[in-house]
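Student: I would like to work through the charged contacts and the open space of a protein model, step by step. Could we begin once the structure is in view?

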Amino acid sequence: MQVLIPFKPTSPKSRLREVLSKAERMELAKRMLLDVLDALNEIDCEIKILSTSHFDLEGYEVEVDERELDLAVNSRIKDETAVIMSDLPLLNKNILEDFFDTEGDVVIAPGRRGGTNMIIVRDPRFKVSYYHCSFLKHVEIAKNLNMKVEVFDSFYASVDIDTPDDLIEILIHGKGKRSYSYLYSIGFRLKLEREPKLIRIM
């Protein structure tokens, strides 16, 4: 299966700027991408990183495409294609195997706020349309094309990292992940109260 991973190497994750510098956000984005790649490397698939600008990552094919996300992805959908976002650090081999084994013309793993974190397209008539609650849009597109659409239900696949509160999920569930190690190394910890809080000790 062809797996596309969109990636923005410069000025990523702007909603984390209140807790991370630009350099830290760039490093965290890279570590999360590597977490996704680590999980994918445990199964048989063809990985292709779609970068919005020049970005070298040893051992991986990186294609630069400056177009908007939908155009970049849709131009590469062929046969059986999966699109997996680069900010899903909690993915693991078992989740991905279950996801790839799910039947359907279109298989969608939704994010917690209505996005599409992972999608499999098995009919090239289907075209992605990200942003603005893309999960619901993708379900509607598939149904309008009379395609069988399946929703893949996974908490770890739903955890995409966009806001400071999302970092809490890495610190709770991500021990052993590159993103967890990086956040810990720059001083992030959990303050265990009634609801866990994110603190920085250095």
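Tutor: Before we start, helices are DSSP runs of H or I with at least four residues, and they are numbered from the N terminus. Please keep in mind throughout that this is a predicted model.

Student: With that in hand, about how many helical turns separate Arg31 and Glu27 in helix α1?

Tutor: The two side chains form a salt bridge, with the closest N and O atoms 2.7 Å apart. Because Arg31 and Glu27 lie four residues apart in helix α1, their separation is about one helical turn.

Student: Is Arg31 buried or partly exposed, and what is the class of Glu27?

Tutor: Buried requires a relative accessible area under 20%, and exposed requires over 50%. Arg31 has a relative accessibility of 24%, so Arg31 is partly exposed. For Glu27 the relative accessible area is 26%, so its class is likewise partly exposed.

Student: Which residue forms a salt bridge with Asp162, and how many residues apart are the two?

Tutor: The partner of Asp162 is Arg15, and the closest N and O atoms of this salt bridge are 3.7 Å apart. Asp162 sits in the loop between α5 (155-158) and α6 (164-173), whereas Arg15 sits in the loop between β1 (2-7) and α1 (22-40), so that the pair links distant parts of the chain, 147 residues apart.

Student: Is Asp162 buried or exposed?

Tutor: The cut-off for buried is a relative accessible area under 20%. Since the value for Asp162 is 13%, Asp162 is buried.

Student: What is the distance between the closest N and O atoms of Glu193 and Lys197?

Tutor: Both residues are partly exposed, Glu193 at 37% relative accessibility and Lys197 with a relative accessible area of 46%. They form a salt bridge, in which the distance between the closest N and O atoms is 3.3 Å.

Student: How many salt bridges does a search of the whole structure find?

Tutor: Some salt bridges share partners, and these join Lys13, Arg15, Asp87, Arg112, Arg113, Asp162, Asp166 and Glu169 into one network. Over the whole structure, the number of salt bridges found is 20.

Student: Turning to the open space, how many charged residues are in the lining of the largest pocket?

Tutor: The largest pocket holds about 1,000 Å³ of space. Of its 35 lining residues, those closest to the centre are Lys13, Leu69, Met85, Tyr131 and Asp162. By class, the lining has 12 nonpolar and 12 polar residues, and the number of charged ones is 11.

Technical notes. Residues numbered from 1 in each chain as written. Predicted model: local features only at pLDDT ≥ 70, side-chain atom pairs only at ≥ 80, totals over all residues. Heavy atoms only, no water. Salt bridge = Lys/Arg side-chain N within 4 Å of Asp/Glu carboxyl O. Buried < 20%, exposed > 50% of the residue type's maximum accessible area, 1.4 Å probe, protein only. 1 Å grid on protein atoms, 1.4 Å probe; cavity = no way out; pocket = protein on both sides within 12 Å on 5 of 7 lines; lining within 4 Å. Points joined across faces, edges and corners; volume = space filled by probe spheres on them. Nonpolar A, V, L, I, M, F, W, Y, C, P; charged D, E, K, R; others polar.
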